[in-house]
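Have the sequence and the 3D view open side by side. The paragraphs below go from the whole chain to single residues.

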Amino acid sequence: MVIVHCARCGEEREGAGKVGLPGSLGAAIEARICAVCWQEWLGTQIRVINHYGLRPAEREDREKLYEITREFLQLAEPAPEV
Ligand SMILES: [Zn+2]
């Protein structure tokens, strides 16, 4: 069991573990998101997919979904300094 300092809730909790998402997003979730927040996202994700009518088989829709995932989990890249 891995304890992470969660980027979303700010708690020290058991990590989400392997989430099966590609690249930096999957790595960021595994390193910085707790199991509780991840479960919350899995529930929300279904509503997001329905709300936007996303087809996760389509690359473009998948990227949109990953973007929303980052926002929800507060893993978004910090806004560049102006
Ligand atoms: Zn959390």
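A residue is called buried if 20 or more other C-beta atoms lie within 10 Å of its own, exposed if 12 or fewer do, and partly exposed in between, with C-beta atoms placed from the backbone. By that count, 12% of the 82 residues of the chain are buried.

The model shown here is predicted, so local features need a pLDDT of at least 70 and side-chain atom pairs count only at pLDDT 80 or more, while totals for chains, interfaces and linings use all residues. Residue numbers start from 1 along each chain as its sequence is written. The score pLDDT is the predictor's confidence in each residue, from 0 to 100. Where it is low, the predicted coordinates should not be read in detail. For this chain the average pLDDT is 93, and 94% of the residues score at least 70.

Next comes the overall layout. Helices (H or I, at least four residues) and strands (E, at least two) are DSSP runs, numbered from the N terminus. The chain has three helices and two strands, and along the sequence they follow the pattern β-β-α-α-α. Its radius of gyration is 13 Å, close to the 12 Å that the globule rule gives for 82 residues, so the chain is as compact as a globular protein of that length. The radius is taken over C-alpha atoms, and the rule is 2.2 Å times the number of residues to the power 0.38. Along its principal axes the C-alpha trace spans about 35 × 35 × 20 Å. Confidence is highest in strand E2 (residues 12-14), at 98, and lowest in helix H1 (residues 23-32), at a mean of 95.

What makes up the largest nonpolar core? A nonpolar core is a set of buried Ala, Val, Leu, Ile, Met, Phe, Trp, Tyr and Cys residues joined through C-beta atoms within 7 Å. The largest one here has eight residues: Val4, Cys6, Ala16, Ile29, Ile33, Cys34, Cys37 and Leu73. In soluble globular proteins, nonpolar side chains tend to be buried together.

Val4 sits in strand E1 (residues 3-5) and counts as buried because 20 other C-beta atoms lie within 10 Å. Two residues are in contact if their C-beta atoms, placed from the backbone, lie within 7 Å. Leaving out residues up to four places away in sequence, Val4 touches Arg13, Gly15, Ala31, Arg32, Ile33 and Cys34. With neighbours within four places set aside, Leu73 is in contact with Ala7, Arg8, Ile29, Ile33, Cys37 and Trp41. Across the chain, among contacts between residues at least 6 apart in sequence, 41% join residues at least 24 apart.

Now follow the later helices. Val36 belongs to helix H2 and is partly exposed, with 15 other C-beta atoms within 10 Å. Beyond its neighbours within four places, Val36 is in contact with Cys9 and Arg13. In the loop between helix H2 (35-52) and H3 is Arg55, an exposed residue with 12 other C-beta atoms within 10 Å.

Helix H3 has 14 residues and reaches 20 Å from its first C-alpha to its last, close to the 20 Å expected at 1.5 Å a residue. The expected span is 1.5 Å times one less than the number of residues. Gln74 lies in the segment after helix H3 (59-72). Although Gln74 is not a glycine, its phi is positive, at about 55°. Gln74 is partly exposed, with 14 other C-beta atoms within 10 Å.
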